Amino acid sequence: MSGACPVCGTGVMAGEAFCENCGHDLSSVPPAPCTACGAAAVGADGYCENCGMLQPTGRDHVETEAAGAAAVSDRGLRHSRNEDAMALLSLGPAESPAGQGAVVAVVCDGVSSSPRPDEASQAAADVAAAAIVKRLADGDDPEAATREGVRLAADAVASAARPGEDSPACTYVSAVVSGRHVTVGWVGDSRAYWLGAQSALLTEDDATPGTHMLTAWLGADAGEVVPRVRTFTTDGPGAVLLCSDGLWNYYPEPEALAATALGDTPLTAARRLVRMAIEAGGHDNITVAVIPFGQGDRTQTTVAFPKERSD
Amino acid sequence: MTDFTIRVDQNKYLPAGSQEVHGIVTVEASGPVQTGPAAEAAEVIIIDTSGSMSYGKIADARKAAQAAVDTLRDGVHFAVISGDHQAEVIFPGGGGLVPADAGSRRAAKDAIARLRAEGGTAMGRWLRRAADLFSAHQAVRPNAIRHAILLTDGKNEHEPAPEFDANLAYAAGKFVCDCRGVGTDWVVAEVRRIASTLLGSVMDVRKPEELEADFRAMTEAAMGKTVADIALRVWVPRSATLNFVKQVSPALEDLTGRRADVDALTGDYPTGAWGGETREYHISVSVPSGNVGQEMRAALVKLVQPATGEVLAGGNILAQWSDDPAQSTRINPRVAHYTGQQELASLIQEGLQARNDGDVETATARLGKARGIAERAGNDETAKLLDKVIDVDPATGTARLKRVVDKADEIALDTRSVRTVRMRKDPES
Ligand SMILES: [Zn+2]
Ligand SMILES: [Zn+2]
């Protein structure tokens, strides 16, 4: 398998002239012209070779769903590109030795002052989500799987550094939701919230309070990356929310987020939160993942927060 | 092999409506410490032997040239030119360049020992003679580092200006030439023009007896170059204008006029030969104004070997429009530093010119302001030289021209005005 048909998404082999499914001519994929000047000369790095304008990417607005969870990422209003990235994967009960399915979500926010932050965040999110799912399938517990996800994501971002420039960098937050348990892991200031009867912020920003100065991140210049990992137990109902600071800069309070996010499908909730951030100014890229959680009576919900840090 | 890296320092954020983009491009050549094969270097030593060089200067010039010959590595191809109103290749006899070895060094030093000071000064003819030697050599060894040393003590009095211009243009691009002025009868602007056109340095040598050490150092530096004929290749978008391309470190050199078009959007700016060293360039581009949030590449800067088209390194100068004044009004410290260094050089050169023209008011204003910039920027050497030309009252800041100024001090100040200091510490970005 060498790729997917651009029309229908069916896998196609290298050298095939037409898509077996829809008949699309695979040999004639014209490069998209520049959105600013129309020249057919957009370089591989995304800048037009005629007018210099950076082209919008497929990441300007992205939505994804898996096993009832949803994630939405948007460029916002003031950034030229979306430097956030997300990944959402699920694991069925039959695939995991513990017999419990799991939803794995990762949100990463590229550091704008570093080179190619969009590549850093995408690599970190993709690598981490795939690694966590694989480790869970191999029988690791969610905390061990989360640490492995961060380790591989950190390696991926560090290896993207090139001589002569600063290191690409991004933040990281992940959630493994399985059974009654939520395991979050993070590096930097992307956040995880529990939204339900006792809504709460589950992470503590690795940042100097009141500023956006990160004290931890993924990148070749980050030193040894030690994620903070915690597991929470709850009965629900509710949802786990992961987000970049493009949302929480405007809406940091768990209760306000819960009021907006609960009572709707995860995709609708994620879209609504993104739209609220845009309407509040949209100063940064915005990424939101919503993983619904738990059954039962809302009044009987219990949430057990860990007393000790598990790192 | 030498590795090149490019780093760009800039603030890419522009206020809405703004169109001017500045970047400081740092080019670093590094890699395992090594010198190129000696056979791939060519050196021509040009000694002013006009009549004014008598009274001892010629003796020091002989010692200096002999020291340079001693510094050549075995196998380096070389020649020695004696320059007066004509140019004579005094070594080797046959005209071309010969490899350095014990025998050729001895023969060259014997020829140098016989140099006599008489006749006039026609530097353009010396350079043309050197250019022909280098061209013949380049036909055989196209990758050779081609370097010359020119020593003079006087004005270019025996060659009509149009002929000098033509000779200088003829030599441009054929070799790199470091120039040295000795004594107080040479004209800084004239020699600076030669060095500038031939991508070399100009320095004053206050005492003839300092020449020997200086020639040795210059030859050693030339022997340390490993890659010849490197160009900065600058692309700007179709609707943009490239305002200037200037080298700003280790010395100021405006390269804007040296452009060789590659295509409609791209030009090459020659930088000469490179060893293990770092140079910085200031590039300014005017772009059409964009919308908040839009990002564009204002310039793509590459280091290339024009002969082969090989790209050695590259970097972007970007522009992104922002409505956040905290972003868009921030001035990159490196850009600010080198803008200040350029202003300092202009103030010194204009101030000295005004002083020579008898315009005391302009001279005082320019040189007084220069003194302040030099001190704030840490140009201690320049500040000391300025102190020999003006007095500044530390209490009031009032500047006053000194009535008596040593001509050598004035020449030193003028010569060194283009040398910049690097920032003491890398700025936090
Ligand atoms: Zn298809
Ligand atoms: Zn374009």
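The zinc ion (ligand 2) in this predicted model is held by the SG atoms of A:Cys34, A:Cys37, A:Cys48 and A:Cys51, at 2.3 to 2.4 Å; donors here are N, O and S atoms within 2.8 Å of the metal (3.2 Å for Na, K and Ca), with water not among the atoms. The four donor atoms subtend angles of 107 to 113° at the zinc ion, so the arrangement is tetrahedral (four donors, all angles between 85 and 135 degrees). For reference, the ideal angle for four tetrahedral donors is 109.5 degrees. In sequence, the donor residues follow the spacing C-x2-C-x10-C-x2-C. Both A:Cys34 and A:Cys51 are buried, that is, under 20% relative accessible area with a 1.4 Å probe and protein chains only.

Now for the backbone of chain B. Cis peptide bonds turn up between B:Phe91 and B:Pro92, with omega about -5°, and between B:Ser249 and B:Pro250, with omega about 5°. Most peptide bonds are trans, and most residues other than glycine have a negative phi. B:Tyr55 is exposed at 81% relative accessibility (over 50%), while B:Leu199 is partly exposed at 26% (between the buried and exposed cut-offs).

A word on conventions: residues are numbered from 1 along each chain as its sequence is written, with chains lettered from A and ligands numbered from 1 in the order written. Local features need pLDDT of at least 70 and side-chain atom pairs pLDDT 80 or more, while totals for chains, interfaces and linings use all residues, and side-chain values use heavy atoms, leaving out hydrogens and water.

Conventions: Tetrahedral: all angles 85-135°; square planar, octahedral: opposite > 155°, others 65-115°.
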